[in-house]
Amino acid sequence: MIASFIQRAVMQGIPLLFGSTGEIITEKSGNLNLGIPGVMYVGGISGVIGAFMYEQSFEDKADMNPFLAVLIPLLCCVFGSLVMGLIYSFLTTTLRANQNVTGLALTTFGTGFGNFFGGSLIKITNSDIPSITLSSTSAYFSKTLPFADNLGWVGQVFFSYSFLAYFAIILALFVSFVLKRTRVGLNLRAVGENPATADAAGIKVILNKYAATCIGSVIAGLGGLYYVMDYADGVWSNDGFGDRGWLAIALVIFALWKPKFSILGSILFGGLFIVHNYIPNIDVSTQEIFKMLPYAVTILVLVIVSARKKKEHQPPQSLGVTYFREER
Amino acid sequence: MASKIVKNHTPLFHIAKRDELPFYKSLLIRIGSIVAALIVCAIVIIAFTGENPLSIYATIVEGAVGTKRRTWGLFQNVAMLLCVSLAVTPAFKMKFWNIGAEGQVLMGGLATIYVMMFYGETLQPAVLYPVMVIASILAGAIWGLIPAVFKALWNTNETLFTLMMNYIAIQLISYYTYVNAVPKGSGQIGIINSDTKAGWFPSLGGYDYLLNIIIVAALTVFMFVYLKYSKHGYELSVVGESENTARYIGINVKKVIIRTMLLSGAMCGIAGLLLVAGTDHSITRETAGGRGFTAIMVSWLAKFNPIYMILTSLLLVFLEKGAIQISTKFQLNPSFSEILTGIIIFFIIGSEFFINYRIMFRHSAKKEVK
């Protein structure tokens, strides 16, 4: 029971981990991308579209090439979320639009895009199937480590996940390392803290902002893909992804802008997200109260962090502020 | 070093901030951006439906104002979106990013429905309506006050705080609807007091939504005057421009933040009241319907001017209704409207750049030298 709880919590947490790792990179460049929920939707649906096209081209699903079956959705997802990142970067960095408004517009657009294609893909391609169920593709995506079943609860807790889940964790550690220990990370942090100083020091501010936002979007988009292909077994349901994108943004604060903290944070959030299913003898209405937990915890962290005013726990100083070299 | 640089090296173009652009020019740029957006939307629509664009625009108009019923629905939706937009505006002008309007509206609605359900039968209408109004205003105001207090005390990030408050409000609604579900266990409360109509807004002259529209019109005028001619409005715009300046000239910044968020939350509460008592006579998680987020864009696009907000909210609602009609006609998903809304907003916020800045190319720089 506990092993299965942890397993479900991790699976809930992985999309959040992708989202928050992406958002941390973005925020480190000073861009507060509130479009992450939209980006994750687009990442998910782009992968679905790719997989759908590929699956539909086969009479017999067994003929599918496993390598292509994974690669095509992956590339589609990367492409879709990259475009979203570019839209955001172009509007906020090049055209200097307000970040919050752009982000919210991106979320409106992205969720709309996801739900629209999710609801109309069958009609547009004139297929005669009742719903988008990509079980063959999903099977390739959710392949677990072969020896997981033989190891009892150890296998269930540590080895029962798909490659994307392990990738998320490795990626978070890697990003943590890059941000903290490398020149690239130092430059990026400088841009987020004080772009004018960074610019004076010869760091390419615009390039850094573009790169961080686009890479961040792509990583966040993978979270959407993981959700559809692995967690939801390849079944796209409109609004199924729900508020996870916002939770990913909340997780950024919870992890104090450090990806390695968001690994544990995401599992904790995943656990809080589903804990109502594991508490015996509570009725449906009380479950709804339990569902507040991730949000309430985030508020608590937000308040504590701001009240303690510890320097290394603060958001990047120029977060949300548009940089204009000629200003002043 | 310097000798290595080519003699007349100037970049191809550079960007400079404009002085105030004449009104007609900025209007032209805005209209131009909307036209460009509509062209892109047309291309997208044609790609999915294969119809000719003229008949599609006809469908949009038909969906928005095709029948008397639809026209009223359009006005009602514009009024509701406008109401929330007005509510978030003073906070934005102060650079307080209240993206929790959704939650504040829901809390106003929750307070309204609570009064309607439990006191609808016992209180006289003359008492019931004022109680509903006060309850909704209080609930919205409290929901806005909480993040504001922390912002004033510790400068807690209000964008994320208000965002999280939305979900707490949504879960409270869920809890409430499960506990009071009719029939039990359905998780929905349905339309309440449908026989007695206790707490329902009366229909004026046979028009159901007229009272809502009148109230929002009054609020629009109030907000216009408040922002433009009152001392409060002046103070909050100074805080928005520069907190240090505000402090220097003796404005109590914390007080202004808290007072403005109380007002913002209270008006969201009124929006909740109008949605519950004046429109749905019920409450669900979807009652606010994303208006809290759309309102931010409406307010921003209108440059915080309540009169322009009528136009921007009309534009967005018109498009939404039209797109829904298109999706019904061509059996597409109604989320189509969100894609179109997104495209239009991208274009309008992008066009702001050309209003605020000008691009100067190399040859124009040469002219100046002459």
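Mentor: Among the elements of chain A, helix α6 (residues 152-159) has the lowest mean pLDDT, 72, whereas helix α10 (residues 205-231) has the highest, 92. These are confidence scores, since this is a predicted model.

Trainee: What are the average pLDDT values of chain A and chain B?

Mentor: Chain A averages a pLDDT of 85, with 97% of its residues scoring at least 70, and chain B averages 84, with 95% of its residues scoring at least 70. In chain B, pLDDT stays under 50 over residues 365-370, for which the model has two contacts beyond four places in sequence. For the complex, the predictor gives an ipTM of 0.85 and a pTM of 0.87.

Trainee: How do you know whether the radius of gyration of chain A agrees with that of a compact globule?

Mentor: The globule rule puts a compact chain of 328 residues near 20 Å, and chain A has 20 Å, so the value agrees with the expectation. Along the principal axes, the C-alpha atoms of chain A fill a box of roughly 65 × 45 × 40 Å, while the C-alpha trace of chain B spans about 90 × 60 × 35 Å.

Trainee: What makes up the secondary structure of chain A and of chain B?

Mentor: Chain A has 14 helices and zero strands, and chain B comes to 14 helices and two strands.

Trainee: What span is expected for helix α12 of chain B, and what span does the helix reach?

Mentor: At 1.5 Å a residue, the 24 residues of α12(B), 306-329, are expected to span 34 Å, and the helix reaches 35 Å from its first C-alpha to its last, which is close to that expectation. After α12(B) comes B:Gln331, whose phi is positive, near 50°.

Trainee: How much of chain A and of chain B counts as buried?

Mentor: Buried residues make up 52% of the 328 residues in chain A, and 46% of the 370 residues of chain B count as buried.

Trainee: Which residues touch the most other members of the largest nonpolar core?

Mentor: That core has 195 residues, and those touching the most other members are A:Ala250, B:Cys83, B:Val84, B:Met164 and B:Ala271. Leaving aside residues up to four places away in sequence, B:Val84 touches B:Ala101, B:Val105, B:Cys268, B:Ala271, B:Arg291, B:Gly292 and B:Ala295.

Trainee: How many residues does each chain bring to the contact between chain A and chain B?

Mentor: Chain B brings 41 residues and chain A brings 43. On the side of chain B that touches chain A, the elements giving two or more residues are β1 (13-17), α5 (125-154), α6 (158-179), α11 (291-301) and α13 (336-356), and α6(B) gives the most, with 12 residues. The residues of this side of chain B divide into 26 nonpolar, 12 polar and three charged.

Definitions and conventions: Residues are numbered from 1 along each chain as its sequence is written. Chains are lettered from A and ligands numbered from 1 in the order in which they are written. This is a predicted model: local features need pLDDT of at least 70, side-chain atom pairs count only at pLDDT 80 or more; totals for chains, interfaces and linings use all residues. Helices (H or I, at least four residues) and strands (E, at least two) are DSSP runs, numbered from the N terminus. The radius of gyration is taken over C-alpha atoms; the globule rule is 2.2 Å times the number of residues to the power 0.38. A residue is buried if 20 or more other C-beta atoms lie within 10 Å of its own, exposed if 12 or fewer, and partly exposed in between; C-beta atoms are placed from the backbone. The expected span of a helix is 1.5 Å times one less than its number of residues. Two residues are in contact if their C-beta atoms, placed from the backbone, lie within 7 Å. Ala, Val, Leu, Ile, Met, Phe, Trp, Tyr, Cys and Pro count as nonpolar, Asp, Glu, Lys and Arg as charged, and the others, Gly among them, as polar. A nonpolar core is a set of buried Ala, Val, Leu, Ile, Met, Phe, Trp, Tyr and Cys residues joined through C-beta atoms within 7 Å. pLDDT is the predictor's confidence in each residue, from 0 to 100.
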